[in-house]
Amino acid sequence: MSEREPQNKELTAPERLSHAAGNAEYAFEALDKQASERERLHEYFQGKWIFHPNQVEKLLEGEINGVTPINAEFVPSLECPFNCPHCTYTQTGWRKRTIEQKGERMMDFSSMKILIDKLEEAGVKSLTFTGGGEPLTNPFCVDGIEYARQKGLDAGLFTNGALLDKDKIRRLLRTELTFIRLSLNAGIEEVHNKFHGLKKESFFARVVKNLELLAEEKVASRSRTTIGVGVIVNPVNVGNLGEIAQLLKSIVNSQERDGGIDYVIFRPTVIYIPGRPQYPKEIFERAQEEIGDKVLPVLEGTSIRVANIEGRFEDVAKEEKDYQKCLAHPWAVSVAYDGGVYLCSETDGMEDYLLGNLLTQSFDEIWQSERRRDVIENIGNCPPICKLHFYNKIFSQLLPISPQDLPRVKEWIDAERQKGPPEHVNFP
């Protein structure tokens, strides 16, 4: 790890006092802002952390590394029918294809059950079945989701939609998993092909059809599973966001159904290769204009809420982050197809961030290990934003808490808890 600049060094006592005195008011402002955004953001509300008392207690005591994860990103496979040039794991080299490995980079069902058992025993509350590759390339993915639900875990699925079918959709909705989010990213075939690196075979019509089937089955079965559509924005699809909105509206407003898609979320594409610049902020400013002019008006009055988290678009273009340390990393962990446990989903496949292997070790062995402490002390070279970016922003303002501010923070947390847990509370 010598090539990385560590970002998680401890503050000295004078630095901690200065930090607390200078940031307390900013922290309270941020907490109030979180509360005000709850109804607007729903599934992406960033105040879910307060509804996990054991973790909050450790956090307020300053024992960040003693926090156990609420969520595990669960990677059943590295295989994928798409070849997205901006794929996180293509950029990091994790999904580099070789003849020897192709078709073998996925969990068998026996290993899947072992991993799920150990995560449940460790106190993890939810699993997000995700990539790596496309999770449904693993023939046991739906079986794994059903097994996780039987164990009492919440489950969610990120998919590109290409491998869904009626049987999988019905099985998934019967499990009452928390959410399915389909990555669409385009409103017309040409843009979809280019965005996903598809030169020989187009999946656009199949993906759209599967999204229609998903919406139909949700309505017909009265499923409580949240159906979302994901759009990450970059130069390929900016200018096509209005067409995405029109496509989604046509699906939910057809004569056969009323609704079936709950939200669409827009996020910026992130470059993960160190030293390579992010996309120009002008791209994302243009996207914001298009969302305001061509997305919101089209979807107003439909079942589809628009989750446009402007802060992500703003922060990805910043030269420097608003925080120096990663304080949020313990809240979610990533488990790879081979049992490897990584610090977070952004570091999947990076040897510097491999904590251990859950097939050969207990979760507690990994979590309490010197290896994990070493990885935490040397966190560096991170992208400008990540899954837990807003947790880091609030924690960096909140911590360390001075003795005089601690009662006020606890009072705020207690008041927010009185409102009841938000949707998807076990998914940070």
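**Charges, contacts and backbone geometry in the predicted model**

Pro274 is exposed, with a relative accessible area of 53%. This value, like those that follow, comes from a predicted model. Pro274 sits in the loop between β6 and α11. Its C-alpha atom is separated by 41 Å from that of Ser250. Along the chain, Pro274 and Ser250 are 24 residues apart.

Ile304 presents another pairing of sequence and space. Ile304 is in the loop between α11 and β7 (305–308). With a relative accessible area of 4%, Ile304 is buried. Ile304 and Ile227 are 77 residues apart in sequence. Their C-alpha atoms are 9.5 Å apart in space.

Charged side chains were examined next. The count comes to 17 salt bridges. One of them joins the side chains of Glu79 and Arg105, at 3.0 Å from N to O. Glu79 lies in the loop between β1 (71–74) and α4 (88–91), and Arg105 lies in the loop between α4 and α5 (109–122), so the pair ties together parts that are 26 residues apart in sequence. Glu79 has a relative accessible area of 8% and is therefore buried, the limit being under 20%. Arg105 is buried as well, with a relative accessible area of 2%.

A salt bridge also connects the side chains of Asp262 and Lys218, with an N to O distance of 3.4 Å. This pair links distant parts of the chain, 44 residues apart. Asp262 is in the loop between α10 (241–252) and β6 (263–268). Lys218 is in helix α9 (residues 204–221). At 11% relative accessibility, Lys218 is buried.

The salt bridge between Lys419 and Glu416 brings their closest N and O atoms to 2.9 Å. Its two partners fall into opposite classes of accessibility. Lys419 is exposed, with a relative accessible area of 51%, whereas Glu416 is buried at 7%.

Asp348 is a buried charge without a salt bridge. Asp348 is located in the loop between β9 (340–342) and β10 (354–357). The nearest side chain of opposite charge belongs to Lys387, 9.7 Å away. A salt bridge requires the side-chain nitrogen of Lys or Arg to be within 4 Å of a carboxyl oxygen of Asp or Glu. The side chain of Asp348 does make a polar contact with the side chain of Ser334, at 2.6 Å.

Other acidic residues gather on the surface. Glu282, Glu285, Glu289 and Asp293 form a negative surface patch. Of these residues, Asp293 lies in helix α11 (residues 281–299). Asp293 counts as exposed because its relative accessibility is 59%, and exposed means over 50%.

Backbone geometry was considered last. Most peptide bonds are trans, and most residues other than glycine have a negative phi. Exceptions of both kinds occur in the model. The peptide bond from Gly131 to Gly132 is cis, with omega near -10°. Gly132 is placed in the loop between β2 (126–129) and α6 (141–150). The peptide bond from Leu399 to Pro400 is also cis, again with omega near -10°. Pro400 is in the loop between α15 (389–398) and α16 (406–417).

Positive phi values were found at Glu176 and His424. Glu176 is not a glycine, yet its phi is about 55°. Glu176 belongs to the loop between α7 (166–174) and β4 (179–183). With a relative accessible area of 41%, Glu176 is partly exposed. For His424, phi is near 55°. His424 is in the segment after α16. At 12% relative accessibility, His424 is buried.

Notes
Residues are numbered from 1 along each chain as its sequence is written. This is a predicted model: local features need pLDDT of at least 70, side-chain atom pairs count only at pLDDT 80 or more; totals for chains, interfaces and linings use all residues. Side-chain values use heavy atoms; hydrogens and water are left out. Patches are made of residues with over 30% relative accessible area and no salt bridge: like charges are joined within 9 Å, nonpolar side chains (Val, Leu, Ile, Met, Phe, Trp, Tyr) within 5 Å. Accessible areas come from the Shrake-Rupley method with a 1.4 Å probe; for residues, only the protein chains shown count as cover. Lys and Arg count as positive and Asp and Glu as negative; His and the chain ends are not counted. The place of a charge is taken as NZ of Lys, CZ of Arg, CG of Asp or CD of Glu. Helices (H or I, at least four residues) and strands (E, at least two) are DSSP runs, numbered from the N terminus. Buried means under 20% relative accessible area, exposed over 50%, partly exposed in between (1.4 Å probe, protein chains only). A polar contact is a pair of N or O atoms within 3.5 Å; within protein, one must be able to donate a hydrogen and the other to accept it, and residues adjacent in sequence count only if both atoms are side-chain atoms.
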